[in-house]
Amino acid sequence: MLRNNNDSKISSILGPEVEVNGDVNVVGSILIYGTVNGNISATGTVRTAKDSYIKGNIESKDAIISGKIQGDLK
């Protein structure tokens with residue numbers, strides 16, 4: 001039986017030139033190339049690119065981390 005996994009689809013992207021000062025809440029998954037100074041909450045997967053920077057906590061179903069995080073991952 002094949003299963004359609006919608007959690008792997010990226011619903012939001014923050015580009016490399018984007019800096020967010022505040023919390024980010026996403027229904028679905030997010031790919032982050034830029035900087036987030038705040039907490040991130042996602043119902044799906046949080047993916048961070050190599051040069052991304054997160055200063056805050058991340059809470060998500062799954063996480064694929066390639067950048068720098070200064071905070072907790074739950």
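Guide: Take Ile10 to begin with. Ile10 is partly exposed, because its relative accessible area is 35%, and the label covers values between 20% and 50%. Ile10 belongs to strand E1, which spans residues 10–14. This is a predicted model.

Visitor: What makes Ile10, Ile13 and Tyr33 a patch?

Guide: Patch members need over 30% relative accessible area and no salt bridge, and nonpolar side chains are joined within 5 Å. Ile10, Ile13 and Tyr33 form such a nonpolar patch on the surface. Together they have about 280 Å² of accessible area.

Visitor: How confident is the predictor in the protein, by pLDDT?

Guide: The average pLDDT is 91. A score of at least 70 is reached by 89% of the residues. Residues 1–6 stay under 50. For that stretch the model has one contact beyond four places in sequence. Where pLDDT is low, predicted coordinates should not be read in detail.

Visitor: How far is Leu14 from Val36, C-alpha to C-alpha?

Guide: Their C-alpha atoms are separated by 9.1 Å, and they lie 22 residues apart along the chain. Yet Val36 is among the residues that Leu14 touches.

Visitor: What makes Ser29 buried?

Guide: Its relative accessibility is 1%. Buried means under 20%, so Ser29 qualifies. Ser29 is in strand E4, residues 29–32.

Visitor: Which backbone atom lies 2.9 Å from a polar atom of the Ser29 side chain?

Guide: The backbone nitrogen of Thr45. The limit for a polar contact is 3.5 Å, and 2.9 Å is the distance here.

Visitor: Why is Ser60 called buried, given that its place is in a loop?

Guide: The label rests on accessible area, with under 20% as the cut-off. Ser60 has 14%, so Ser60 counts as buried. Its loop runs between strand E9 (58–59) and strand E10 (62–65). Leaving out residues up to four places away in sequence, Ser60 touches Ala42, Gly44, Val46 and Lys74.

Visitor: What does the side chain of Ser60 reach?

Guide: The backbone oxygen of Asp62, at 2.6 Å. A polar contact must fall within 3.5 Å.

Visitor: What makes Ser66 partly exposed?

Guide: Ser66 has 44% relative accessible area. Exposed would need over 50%, and buried under 20%. Ser66 is therefore partly exposed. Ser66 sits in the loop between E10 and strand E11 (68–70).

Visitor: Which residues is Ser66 in contact with, leaving aside neighbours within four places in sequence?

Guide: Thr48, Ala49 and Lys50.

Visitor: How many helices and strands does the protein have?

Guide: Zero helices and eleven strands. Along the sequence, the pattern is β-β-β-β-β-β-β-β-β-β-β.

Visitor: What percentage of the 74 residues is buried?

Guide: Buried residues make up 35%. The protein exposes about 4900 Å², and carbon and sulfur atoms supply 48% of that area. Among contacts with a separation of 6 or more, residues 24 or more positions apart account for 3%.

Conventions: Residues are numbered from 1 along each chain as its sequence is written. This is a predicted model: local features need pLDDT of at least 70, side-chain atom pairs count only at pLDDT 80 or more; totals for chains, interfaces and linings use all residues. Side-chain values use heavy atoms; hydrogens and water are left out. pLDDT is the predictor's confidence in each residue, from 0 to 100. Contact means heavy atoms within 4.5 Å. Patches are made of residues with over 30% relative accessible area and no salt bridge: like charges are joined within 9 Å, nonpolar side chains (Val, Leu, Ile, Met, Phe, Trp, Tyr) within 5 Å. Accessible areas come from the Shrake-Rupley method with a 1.4 Å probe; for residues, only the protein chains shown count as cover. A salt bridge is a side-chain nitrogen of Lys or Arg within 4 Å of a carboxyl oxygen of Asp or Glu. Helices (H or I, at least four residues) and strands (E, at least two) are DSSP runs, numbered from the N terminus. Buried means under 20% relative accessible area, exposed over 50%, partly exposed in between (1.4 Å probe, protein chains only). A polar contact is a pair of N or O atoms within 3.5 Å; within protein, one must be able to donate a hydrogen and the other to accept it, and residues adjacent in sequence count only if both atoms are side-chain atoms.
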